[in-house]
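Please open the model in a viewer and keep the sequence panel at hand.

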Amino acid sequence: MRLILALFLALPVLPLADKVSPDVENAYTLANEKWSQEELSMANTAKDVDYLSQEEQRIIFYMNLIRMDGPKFFNTYFKAFVKEHNQRMKKYSNYEELKINEYDRYYRGLEIDLKKVKNFGLYYPDETLTYVALQHGKDMNRHNIAGHKSSDGSSPQDRIAKYYPNKAMAENLAFGFVKGLDNVCMLLLDKGVPDLGHRKNMLNTSNGLNTVGVSIQNHPTYKFSATINFVGIPKQKN
């Protein structure tokens, strides 16, 4: 076993997305227009995978767009997401806590980090790794737990190494969102996570992480959980 980066992100309980305002719709339209069809197609490595839902496919899609062109992702989809997120959070009394502030150190730090990201290797879906993520998501739902350790005490290393021994590996968890873009952007921002572990997993280049399994499941406390498992497989298409 060469590496495991097991980290945890707990988010407040949030509703399903409300109808967005025209300015948010426009932000997403402009974001789409900044990417060529060739780029969008290249990032969509999970498009023909039948064991992933549409939103699970989108998690891989958006992670790949980040790795292809970090600054462009920040200035398009991430900023559109922030606009939508902050609009939805205005209904809550703790809006100041929930909103994403462009002057926040996590926001500014992300902008700086993504300036270094260009033409990184893509992530490719894997059915076995998705099964591992699925089982952990179901376990968290069944036992109302929210963390990397399963109800039987097994760690991400235990779960992944059963199928992929002696490989670099990592796991990201997010709670409270069902949409692929929401999960990716909140993990990328990594607000409140001092070591920025989720962001580092998604931007990793030093450990050869190139294969992912994804599962979005219901959760009794947070409504939804998203489990993303990563493995480095030598000679995987990259």
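Throughout this tour, buried means under 20% relative accessible area, exposed means over 50%, and partly exposed lies in between (1.4 Å probe, protein chains only). The model is a predicted one: local features need pLDDT of at least 70, side-chain atom pairs count only at pLDDT 80 or more, and totals for chains, interfaces and linings use all residues. Residues are numbered from 1 along each chain as its sequence is written, and side-chain values use heavy atoms, with hydrogens and water left out.

**The whole chain**

Begin with a cartoon of the chain, which contains ten helices and five strands; these are DSSP runs numbered from the N terminus, helices being H or I of at least four residues and strands E of at least two. The chain is as compact as a globular protein of its length, because its radius of gyration of 17 Å is close to the 18 Å that the globule rule gives for 238 residues. That radius is taken over C-alpha atoms, and the rule is 2.2 Å times the number of residues to the power 0.38. Along the principal axes, the C-alpha atoms fill a box of roughly 45 × 40 × 35 Å.

Colouring by accessibility shows that buried residues account for 55% of the 238. Contact here means heavy atoms within 4.5 Å. Of the contacts between residues at least 6 apart in sequence, 77% join residues at least 24 apart.

**Helix H6**

Next, select residues 105–114, helix H6, and show the buried side chains Tyr 106, Tyr 107, Leu 110 and Leu 114. These four lie on the same side of H6, because they cover an arc of only 100 degrees around the axis; the arc is that of the directions from the helix axis to the C-beta atoms. An α-helix has 3.6 residues a turn, so residues three or four places apart point the same way. Turn to the other side of H6 to find Arg 105 and Ile 112 exposed.

**Helix H9 and Asp 190**

Keep H9 selected. Ten of its ten residues are buried, so H9 is largely enclosed by the rest of the structure; among them are Asp 182, Asn 183, Cys 185 and Met 186. Step on to Asp 190, in the loop between H9 and H10. This residue is buried, with a relative accessible area of 0%, and has a positive phi of about 60 degrees although it is not a glycine. Most residues other than glycine have a negative phi.

Which residues does Thr 130 touch beyond its neighbours within four places in sequence? Select Thr 130 in helix H7 (residues 127–143) and display its contacts: Tyr 51, Leu 52, Val 212, Gly 213 and Val 214. Thr 130 is buried, at 8% relative accessible area.

Follow the chain to Asn 144, in the loop between H7 and helix H8 (156–161). Asn 144 also is a residue other than glycine with a positive phi, here about 50 degrees. Its relative accessibility of 42% makes Asn 144 partly exposed.

**The loop at Thr 221**

Finally, select Thr 221, in the loop between strand S4 (211–219) and strand S5 (223–231). Thr 221 is partly exposed, at 37% relative accessible area. A distance drawn from its C-alpha atom to that of Pro 156, 65 residues away along the chain, reads 21 Å.
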